[in-house]
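Here's a quick briefing to read with the model open beside you.

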Amino acid sequence: MKTTMLVAAIAVALAGCQTTQQAAENLRSDWVGQSADSFFVANGPPVTGFPRDNGGQIYTWRGGEATSYRPGSFQTRSVPTQTLDGRRTMTTTTSYQPPRQLNYVCEAQIAADPQGIIESIRISRDTGGMGLSFSRCAELFVRD
């Protein structure tokens, strides 16, 4: 019974987790056919633009940049062991996880036609999310 409840709780928690694929689908459905300028007004300016042969542009957009710090920590584990002569003992090991800096970002390539209308959007870089999400882009672009 406890196992069933644990599995159900994990399933509910993971249902709230969003993925890069879901963010990409939302970006395409919300922005393809819209003005690139409108996208940049809503989400921030592009970091680069590259002219296309047809007169359009390919933009690199980056957003959601954030940094967090995870302090160092010790973890101690005790494991029951048995010696060669049959005595039972506990073996204790302690490990140290050093402090880490975690960086979060979502980056997309946006192709616009000569009139500035978005033809395609592709997520080119996505880190894990800051919250329960597997994707920083999902935290920015997935609707609940």
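**Around helix α3**

Just after α3, G44 takes a positive phi of about 105°. Helices here are DSSP runs of H or I with at least four residues, strands are runs of E with at least two, and both are numbered from the N terminus. Keep in mind that this is a predicted model, where local features need pLDDT of at least 70, side-chain atom pairs count only at pLDDT 80 or more, and totals for chains, interfaces and linings use all residues. Residues are numbered from 1 along each chain as its sequence is written, and side-chain values use heavy atoms, with hydrogens and water left out.

- Helix α3 spans residues 36-43, and its buried residues are A36, F39 and F40 (buried means under 20% relative accessible area, exposed over 50%, partly exposed in between, with a 1.4 Å probe and protein chains only).
- Looking down the axis of α3, these buried residues fall within an arc of 95°, so they line one face of the helix (the arc is that of the directions from the helix axis to the C-beta atoms).
- D37, V41 and A42 sit exposed on the other side of α3.
- The cover over the buried residues of α3 includes α2 (20-31), β2 (57-70), β5 (100-112), β6 (118-126) and α4 (136-141).
- Where α3 starts, a side-chain oxygen of S35 comes to within 3.1 Å of the backbone nitrogen of D37.

**The nonpolar core**

- The largest nonpolar core has 20 residues, and F39, F40 and I121 are among those with the most contacts inside it (such a core is a set of buried Ala, Val, Leu, Ile, Met, Phe, Trp, Tyr and Cys residues joined through side-chain atoms within 4.5 Å).
- At least two residues of this core come from each of α2, α3, β2, β5, β6 and α4.
- Not counting residues up to four places away in sequence, I121 touches L27, R28, W31, V32, A108, Q109 and I110 (contact means heavy atoms within 4.5 Å).

**Two glutamines**

- Q109 is found in strand β5 and counts as buried, at 18% relative accessibility.
- The side chain of Q109 makes polar contacts with the side chains of T60, at 3.0 Å, and S124, at 3.3 Å (a polar contact is a pair of N or O atoms within 3.5 Å; within protein, one must be able to donate a hydrogen and the other to accept it, and residues adjacent in sequence count only if both atoms are side-chain atoms).
- Q22 is in helix α2 and counts as partly exposed, at 31% relative accessibility.
- A polar atom of the Q22 side chain lies 2.8 Å from the backbone nitrogen of T19.
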